[in-house]
Amino acid sequence: MEMQEANQGSEVSPNQTIYINNLNEKVKLDELKKSLNAVFSQFGKILEVLAFKTLKHKGQAWVVFDNADSASTAIAKMNDFPFYDKRMRIQYAKTKSDVVAKADGTFVPREKRKRQEEKGGKKKKDQHHDSTQMGMAMNSAYPGVYGTAPPLSQVPYPGGVKPILPEAPAPPNNILFVQNLPHETTPMVLQMLFCQYQGFKEVRMVEAKPGIAFVEFADEMQSTVAMQALQGFKIQQNQMLITYAKK
């Protein structure tokens, strides 16, 4: 609440960059950036995720969207969301992102966009990077590619017409079966989401079958709480489908 009140009293205007603090400082930098990208890409195209090793900037990150509307939605939906056992505090970044520019010496979100418009060559280079990210997002946004044929031989619907509602679901137990994940989802991303619930034990993914995972809890009551809380949670544009695993 103190953070929200401070935001309301500030003069920071809505813009395409969000500033996040109160992040878990024990999480490795690469892991943190990948997890932030996975969680926030559901709100729009991300141009860059920034986090730095310096002591001054530990526990902080910046997510640069391609428009302010995406940033606004991300703040509304994710402020105070549990992330690696700590609740994120999110607000708009300062318009000129001074702290980001000072941290890496080169990147200022708004000025970078102006430079791209002025210098076609550099813009093409950055567009190649952005188009690669967009391609990954587009691939993962189509559940028809990844999520419509779960490895359940007993699904009684021809052609996988209705794969997400099998007639004979597994009875409640301590292991959850998670489907419709983007192929690039890593165990650490799922662990970050599920470890906030009591009884969490581990995440297991099958390398030969991307798009699915198993999450184990100590007992079925704890797995049920986690399933109800995260059912439909988006990673990139994919809504997680969670059921009890068949034993």
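Author: Buried means under 20% relative accessible area, exposed means over 50%, and partly exposed lies in between (1.4 Å probe, protein chains only). This is a predicted model, where local features need pLDDT of at least 70 and side-chain atom pairs pLDDT 80 or more, while totals for chains, interfaces and linings use all residues. Numbering runs from 1 along each chain as its sequence is written, and side-chain values use heavy atoms, without hydrogens or water.

Reader: What makes α8 largely enclosed by the rest of the structure?

Author: Count its buried residues. α8 has 8 residues, and 6 of them are buried, so the helix is largely enclosed. They are Met188, Val189, Leu190, Met192, Leu193 and Phe194. Helices (H or I, at least four residues) and strands (E, at least two) are DSSP runs, numbered from the N terminus. The protein chain has 9 helices and 12 strands.

Reader: Why is glutamine 60 called buried?

Author: Glutamine 60 has 14% relative accessibility. The cut-off is under 20%, so the residue counts as buried. Glutamine 60 sits in the loop between β2 (46–50) and β3.

Reader: Which residues does glutamine 60 contact, neighbours within four places in sequence aside?

Author: Contact means heavy atoms within 4.5 Å. Under that rule, glutamine 60 contacts Tyr19, Ile20, Asn21, Leu23 and Ala51.

Reader: Is aspartate 80 buried, exposed or partly exposed, and how do you know?

Author: Its relative accessible area is 33%. That lies between 20% and 50%, so aspartate 80 is partly exposed. Aspartate 80 lies in the loop between α3 and β4 (82–83). Its phi is positive, about 80°, although it is not a glycine.

Reader: How do you know on which side of α3 the buried residues lie?

Author: First, list them: Ser70, Ala71, Ala74, Ile75 and Met78 are buried in α3 (residues 68–78). They cover an arc of only 135° around the axis, so they are on the same side of α3. The arc is taken from the directions from the helix axis to the C-beta atoms. Asp69, Ala76 and Lys77 are exposed on the other side of α3.

Reader: What do the buried residues of α3 pack against?

Author: They pack against β1 (17–21), α2 (29–40), β3 (61–65) and β6 (89–92).

Reader: What makes a group of residues a nonpolar core?

Author: The members must be buried Ala, Val, Leu, Ile, Met, Phe, Trp, Tyr or Cys, joined through side-chain atoms within 4.5 Å. The largest such core here has 49 residues, and Ile18, Phe40, Met88, Phe194 and Met240 touch the most other members. Helix α8 (residues 187–194) gives the largest share, 6 residues. The core draws at least three residues from each of domain 1 (17–104) and domain 2 (175–244); those bounds come from an automatic or database domain assignment. A second, separate core has 7 residues, including Tyr19, Leu50, Trp62 and Val64.

Reader: Which residues does phenylalanine 40 contact, neighbours within four places in sequence aside?

Author: Phenylalanine 40 contacts Ile18, Ile20, Ile46, Val63, Phe65, Ala74, Met78, Met88 and Ile90.

Reader: How many of the 247 residues count as buried?

Author: The share is 43% of the protein chain.
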